[in-house]
Amino acid sequence: MAVYTEVSDADLAAFLDSYDLGCVRSLKGIAEGVENSNYLLHTEKGSFILTLYEKRVEEENLPFFLGLMDHLCARGINCPRPVRARSGAALGKLSGRPAAIVTFLEGICHNRPTVSDCARLGGALARLHQAAADFKGSRDNSLSLAAWPRLFAPVACCADDVEPGLAAAVAAELGFLEANWPRNLPRGIIHADLFPDNVLFLGDEAPGLIDFYFACADDLAYDLAICLNAWCFEADGAFNVQKAAALFEAYQRVRPLTPLEIAAIPVLSRGAALRFALTRLIDWLHVPAGALVHPKNPIEYMQKLRFHQKITDVRELGLAQ
């Protein structure tokens with residue numbers, strides 16, 4: 001989450017006039033992430049998240065995201081629920097941007113997750129995949145394998161300014177993934193961005209899952225590969241196989257992986273690492289001046305990619321065959 005678009009008092013009052021949320025008590029920008037403008041909104045009726053959708057999020061996809069959250073909430077997944085205006089609409093306009101309000105989830109992000117946290121995440125992810133199985137909406141992954149060369153092309157000329165040799169390394173990996181990407185894996189709706197800052201822990205409750213604005217239809221095991229990269233490396237870059245084993249074991253207690261999925265995890269993990277290296281590279285080079293946002297270093301994910309390039313057996317990733 002981040003703040004790119006500022007909201008005036010007058011605009012906020014006009015927007016909220018169509019809701020039954022009472023008077024505003026406070027509005028505070030949230031300076032995390034890189035996609036949308038997010039505010040913590042307190043009103044007489046409670047606490048909420050107000051999101052203004054920026055240019056990377058296409059407006060025609062917003063009914064899918066908001067509908068998915070409604071669907072998951074109805075099936076017991078602990079995630080935000082869109083708040084509807086008196087008209088029944090979940091989406092409006094604020095300060096020239098599409099905007100929505102969702103319920104606020106209590107909890108704390110564990111930015112240095114434990115083995116136990118990884119296990120709880122694995123179970124939550126599997127339950128999400130199951131709960132979304134009968135969701136009627138669909139959206140292709142706009143950041144899938146086919147999109148990565150297009151993402152890289154505009155910044156290839158600047159990549160070596162971030163790290164010498166980066167352009168050639170990315171080009172070589174793109175070629176490898178195109179030739180080796182797994183086919184015919186089980187598909188469904190995935191979160192596609194379930195980093196530690198998108199998971200909220202509160203006591204023994206099921207973890208709260210937030211920020212569904214990359215959700216899409218893709219290989220279910222790819223979602224696991226994203227989590228493997230995001231949760232199972234230490235701050236110094238070392239891979240923690242105990243965390244990975246806990247993640248996989250807890251996931252499979254709810255939804256067992258097929259043999260094809262297990263065999264595909266190493267390549268999917270390489271792809272997940274490259275995908276986030278690319279979007280971080282773009283943000284690193286092109287964050288708008290004055291934006292209240294902290295871009296993340298793409299080299300962290302290039303280091304994870306280099307780790308995965310050396311994997312020869314899924315057991316090295318904590319996954320039993």
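Is T279 buried or exposed? I looked it up: T279 is buried, at a relative accessible area of 6%. My cut-offs are under 20% relative accessible area for buried, over 50% for exposed and partly exposed in between (1.4 Å probe, protein chains only).

**Ground rules.** I am reading a predicted model, where local features need pLDDT of at least 70, side-chain atom pairs count only at pLDDT 80 or more, and totals for chains, interfaces and linings use all residues. I number residues from 1 along each chain as its sequence is written, and side-chain values use heavy atoms, with hydrogens and water left out.

**T279.** I placed T279 in helix α9, residues 259-286. Helices here are DSSP runs (H or I, at least four residues), numbered from the N terminus. The T279 side chain makes a polar contact with the side chain of R275, at 2.7 Å. A polar contact is a pair of N or O atoms within 3.5 Å; within protein, one must be able to donate a hydrogen and the other to accept it, and residues adjacent in sequence count only if both atoms are side-chain atoms.

**Domains.** I took the bounds from the domain assignment: domain 1 is 9-103 and domain 2 is 108-317. Such bounds come from an automatic or database assignment. Over C-alpha atoms, the centres of domain 1 and domain 2 lie 26 Å apart. Domain 1 puts 22 residues into the contact and domain 2 puts in 27. Contact means heavy atoms within 4.5 Å.

**Interface.** Domain 1 and domain 2 bury about 2200 Å² between them, with 69% of it on carbon and sulfur atoms. Buried area is the accessible area (1.4 Å probe) that two parts lose on being put together, summed over both. F64, F65 and N78 supply 25% of what domain 1 buries against domain 2, more than any other three residues.

The rule finds one salt bridge across the interface. A salt bridge needs a side-chain nitrogen of Lys or Arg within 4 Å of a carboxyl oxygen of Asp or Glu. I also noted a salt bridge between the side chains of D134 and R75, at 3.0 Å, N to O. Helix α2 (residues 62-74) gives the largest share of the domain 1 side that touches domain 2, eight residues.

**L62.** L62 is found in helix α2. L62 is buried, at 0% relative accessible area. Beyond neighbours within four places in sequence, L62 is in contact with Y53, V57, L91 and P98.

Technical notes. Helices (H or I, at least four residues) and strands (E, at least two) are DSSP runs, numbered from the N terminus.
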